[in-house]
Amino acid sequence: MGKVHLQDNDTTEKKTEFSLVRAKDTWRRKLGKNVNKDTVDCVSAAKIYEVVTVKDTTWTVVCPIVFTYKVTETQDLLDPNNDTLLLGHISDPQQLEEIKKSNKSLQRFIVVDQEVYKIYGPKLTEYLETNNVLYKILALPTTEENKSMDMVLKILEEINNFPLDRRTDPIIAIGGGVCLDIVGLAASLYRRRTPYIRIPTTLLSYIDASVGAKTGVNFANCKNKLGAYIPPTAAFLDLSFLQTLSRRHISNGLAEMLKMALVKHRGLFELLEKHGRMLLDTKFQAHNSGYGQNLLQTASQATHIAITTMLEELAPNLWEDDLNRLVDFGHLISPALEMKVLPSLLHGEAVNIDMSYMVYVSKERGLLSEEEKQRIIRCMVGMELPVWNKECTMELIQASLQDRLKHSGGLVRMPLPVGLGQAEIFNNTSYEILHSAYEKWCDELNVSSGSNCDP
Ligand code: NAD
């Protein structure tokens with residue numbers, strides 16, 4: 001393709017589309033959309049569009065990038081005979097075969113939440129030793145207060161001292177959402193993008209933080225202000241980790257599960273309404289619970305629905321380009337509330353307080369009946385979730401919605417339940433509605449000031 005010459009007085013643009021083809025190790029532009037594939041080694045999905053005017057030339061590169069990641073619910077992840085932790089992320093059967101045949105030790109850099117390490121450290125070490133892995137375990141206090149760039153840098157320094165092959169040795173993160181978010185960000189930064197694997201050990205991270213692409217740390221007193229949209233290579237989910245989790249943290253995770261139920265799945269809501277307490281009491285563990293098969297079925301149904309509904313909403317919008325996101329339900333006011341009262345409210349608890357208020361907004365707008373509102377609040381209380389907090393003031397609500405307007409293209413994009421198990425996004429909730437919902441919410445749910453509601 002020769003250079004395009006334009007006259008000084010010419011105002012037209014010359015637009016040209018190029019495909020990109022590879023022949024004998026060299027990439028070249030080929031004019032047009034259609035390329036004869038028989039004459040080249042490879043045709044890229046990328047395109048270059050060239051626009052020439054009399055003043056300038058612009059090349060626009062369109063490069064579709066595909067992310068592939070697996071989310072696997074499995075059992076006995078730390079059983080030395082189970083190779084999922086080491087090889088479960090590999091999809092190519094030939095590559096898998098080659099690794100299994102070779103006698104070379106695998107190398108793994110593992111970051112574990114310090115508390116999780118106290119409980120599962122010996123099992124993890126035995127697993128790695130038995131499988132002849134060359135490993136480094138970094139146990140860190142990955143708490144919400146420590147969810148910062150300092151922690152990311154600390155991890156990166158250690159990774160840098162480990163002989164890690166970025167192509168073959170995914171970094172492994174084991175812990176709750178905080179640990180997974182921090183390590184995900186460190187991996188996304190190391191050599192611009194190093195594959196990583198998430199092993200969630202809390203209910204919240206099992207059904208939420210493990211399933212999507214987001215990583216992040218807190219910054220400038222804001223939740224997850226620094227981060228990346230880089231999904232893990234794989235997330236391996238084993239419910240047995242939950243047996244050592246505190247009751248409060250099980251309840252905390254149930255809040256995110258309830259979120260998916262309220263916005264997308266009436267069946268999941270009814271399951272939580274009926275069995276939420278049993279799931280909380282048993283920590284999703286069938287053995288020694290006395291509930292046996294029934295519990296096993298309920299627990300796996302609940303996690304299965306929560307994960308699939310979450311994936312349905314996340315997969316088509318991995319980088320959150322579409323700002324109309326139902327999964328933001330419970331996340332309009334909760335980030336500011338969580339940061340304000342840190343560490344007294346857990347993430348899911350703050351989300352639940354936000355959802356509880358929004359349920360009142362829905363009722364006030366005529367989107368929920370009184371009975372539906374009562375059922376939702378009763379379900380929350382049954383799962384021992386807070387439904388009200390004195391720090392969640394009208395000022396905080398207004399400031400959060402203002403902030404949302406600023407960062408969400410000038411629209412508040414408020415997901416609200418419309419009946420049980422479905423929700424829609426609204427941009428036009430008036431101050432009067434917000435305020436009267438707030439007054440009723442306080443009147444009915446502020447137990448300390450003599451609530452007249454008996455959820
Ligand atoms: P967490 O990571 O702080 O873990 C909770 C507590 O449980 C910690 O004290 C931890 O030491 C302990 N713990 C973890 N597993 C345990 C186990 N099996 N047994 C005993 N103790 C255990 O909290 P979390 O609720 O898992 O995660 C909250 C974080 O997740 C927030 O920072 C939030 O921003 C983030 N998050 C991220 C996403 C995402 O898409 N990336 C989604 C939701 C939440």
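A word on terms before the strands: two strands count as paired if DSSP finds at least two bridges between them. Keep in mind that this is a predicted model.

I start with strand β6, residues 107–113. β6 has parallel neighbours in β7, residues 134–140, with seven bridges, and in β8, residues 171–175, with three bridges. On the β7 side, glutamine 107 has leucine 134 as its bridge partner. From β6 the chain passes through α3 to reach β7, a β-α-β crossover that is right-handed. On the β8 side, valine 112 is bridged to isoleucine 174.

Now the side chains of β6. In a regular strand, side chains alternate between the two faces of the sheet. Here Gln107, Phe109, Val111 and Asp113 point one way, while Arg108, Ile110 and Val112 point the other way. Are these residues buried or exposed? Buried, on either side; that is seven of seven residues in the strand.

Next, the cavity. Which helix gives the most to the lining? Helix α3, residues 114–130, with five residues. By type, the lining holds eight nonpolar residues, one polar residue and no charged ones.

Note on methods:
Residues numbered from 1 in each chain as written. Predicted model: local features only at pLDDT ≥ 70, side-chain atom pairs only at ≥ 80, totals over all residues. Heavy atoms only, no water. Helix = DSSP H or I, 4+ residues; strand = E, 2+ residues; numbered from the N terminus. Nonpolar A, V, L, I, M, F, W, Y, C, P; charged D, E, K, R; others polar. Buried < 20%, exposed > 50% of the residue type's maximum accessible area, 1.4 Å probe, protein only. Right-handed = clockwise from strand over helix to strand, strands pointing away.
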